Amino acid sequence: MAKITIDKDKCKGCLLCVSFCPKGLIKAAKGLNKRGVAAVEFKDTGECLGCTLCAVICPDCCVEVYK
Amino acid sequence: MGKVFSHSKSLRNISTHYCAGCGHGIAHRLIAEVVDELNIREQVIAVAPVGCAVIAYDYWDFDCSEAAHGRALAVATAIKRVRPQNIVFTYQGDGDLAAIGTNETIHAANRGENLTVIFINNAVYGMTGGQMAPTTLLGQKTATTPQGRKPEEGYPLKISEMLALLAGVKYIERTALSSPQEVMKTKKAIRQAFQNQIDHVGFSLVEILSPCPTYWAMPPRQALDWINNVMAKEFPLGRIK
């Protein structure tokens, strides 16, 4: 049982986390954040492994991981 | 449920000016994590470059100085000699370290200064608009090589291999920010380079192949794959010295 939180207003929408999530739990969000970009959002289905790959690759330190 | 990955204390919790998918943000974070893990936040002094990372001192929450373009290692030499108790590192791009600052880089390395150098190689001049850098690959399109770099414009400069020839240099490793696995290897190399300075080993440099999606004109994920498939062939990863 694990989960992540994403700081949507810091997110620049590079989508690197989306491409590395082994469970495909991160998706581009609808609408824009404060920066005017389409940020990403976490879909909590209970499958998150807490592997931290998304946090490790995020260039903007938007992701925190809980396990 | 406990927090297993969170923001480093040495990194200010603010948004950076870097483009989406830029490797600088990852490199900044890795340095902040290493500084926190080695518990050297009160001793460390960074020397920021001129280039995209020119305002790195706004992002790190420890002491920083700024140097004129290419002169980071000269400034770092002075700081380290006056304050040997501090841990001094420079953070430089390829335009800064391998072009305008080649002179200062080679002589600081040859003197064997006990410094740590974090060298970000993204094969272009990012801040000024994506012009050709000494490290630009043959065939790579940039603002000043619209047909791709040709041999008469020079070959990609392998400054790390050149520096490895010098007796004063003790540690050089080339890593990449091309996947989470490679990012973790990069962190290990950065940690080693800082530990070397703490142990008075001598001049240590980590060259990091870093994505510049904007001036490589590709989406961020494709830029990471380009590092693996193209750039790492010209600049092989691993321990050089």
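Colleague: How many residues of chain B are in contact with chain A?

Modeller: This is a predicted model. In it, 23 residues of chain B contact 22 residues of chain A.

Colleague: Which elements of chain B supply at least two residues of that side?

Modeller: They are β1 (3-5), α1 (24-37), α6 (180-198) and α8 (220-234) of chain B.

Colleague: And how do the residues on that side divide into nonpolar, polar and charged?

Modeller: On the side of chain B that touches chain A, 12 are nonpolar, 8 are polar and 3 are charged.

Colleague: In which sense do β4(A) and β1(B) pair, parallel or antiparallel?

Modeller: Antiparallel, over 2 bridges. In that pairing, A:V65 stands opposite B:F5 of β1(B).

Colleague: What else does β4(A) pair with?

Modeller: Strand β4 (residues 63-66) of chain A is also joined to β1(A) by 4 bridges, and those two run antiparallel. The bridge partner of A:K3 in β4(A) is A:Y66.

Colleague: Which side chains of β1(A) are buried?

Modeller: The side chains alternate along β1 (residues 3-6) of chain A.

Colleague: Zooming out, what pattern does chain A follow along the sequence?

Modeller: The pattern is β-α-β-β-α-β, with 2 helices and 4 strands in chain A.

Colleague: What does the radius of gyration of chain A say?

Modeller: Chain A has 11 Å, and a compact globule of 67 residues would have a value near 11 Å, so the two agree. Along the principal axes, the C-alpha atoms of chain A fill a box of roughly 30 × 20 × 20 Å. Buried residues account for 42% of the 67 residues in the chain. Of the contacts in chain A between residues at least 6 apart in sequence, 64% join residues at least 24 apart.

Colleague: New topic. How many residues are in the largest nonpolar core?

Modeller: The largest nonpolar core has 93 residues, and A:C54 and B:I118 have the most contacts inside it. The element that gives the most to this core is α1(B), with 7 residues.

Colleague: What is B:I118 in contact with?

Modeller: Setting aside neighbours within four places in sequence, B:I118 is in contact with B:A27, B:I31, B:F89, B:Y91, B:I190, B:V206 and B:I208.

Colleague: B:I190 is also in α6(B). Which other residues of that helix are buried?

Modeller: Besides B:I190, the buried residues in α6(B) include B:P180, B:V183, B:A193 and B:F194, and also B:E182 and B:K187.

Colleague: What span should the 19 residues of α6(B) have?

Modeller: At 1.5 Å a residue they should span 27 Å, and the end C-alpha atoms are 27 Å apart, so the helix agrees with that figure. B:H200 follows α6(B) and has a positive phi, near 60 degrees.

Colleague: Last one: where is B:C52?

Modeller: B:C52 is in the loop between β2 (44-48) and β3 (63-66) of chain B.

Colleague: Is B:C52 buried or exposed, and why?

Modeller: B:C52 counts as buried because there are 27 C-beta neighbours inside 10 Å, and the cut-off for buried is 20 or more. Not counting residues up to four places away in sequence, B:C52 touches B:Y18, B:H24, B:G93, B:G126 and B:M127.

Colleague: And how far apart are B:C52 and B:V75 in space?

Modeller: They are 19 Å apart, C-alpha to C-alpha, with a separation of 23 residues in sequence.

How values were computed:
Residues numbered from 1 in each chain as written. Chains lettered and ligands numbered in written order. Predicted model: local features only at pLDDT ≥ 70, side-chain atom pairs only at ≥ 80, totals over all residues. Buried ≥ 20, exposed ≤ 12 C-beta atoms within 10 Å, placed from the backbone. Pairing = 2+ DSSP bridges. Rg over C-alpha atoms; globule rule 2.2 N^0.38 Å. Contact = placed C-beta atoms within 7 Å. Nonpolar A, V, L, I, M, F, W, Y, C, P; charged D, E, K, R; others polar. Core = buried A, V, L, I, M, F, W, Y, C linked by C-beta atoms within 7 Å. Expected span 1.5 Å × (residues − 1).
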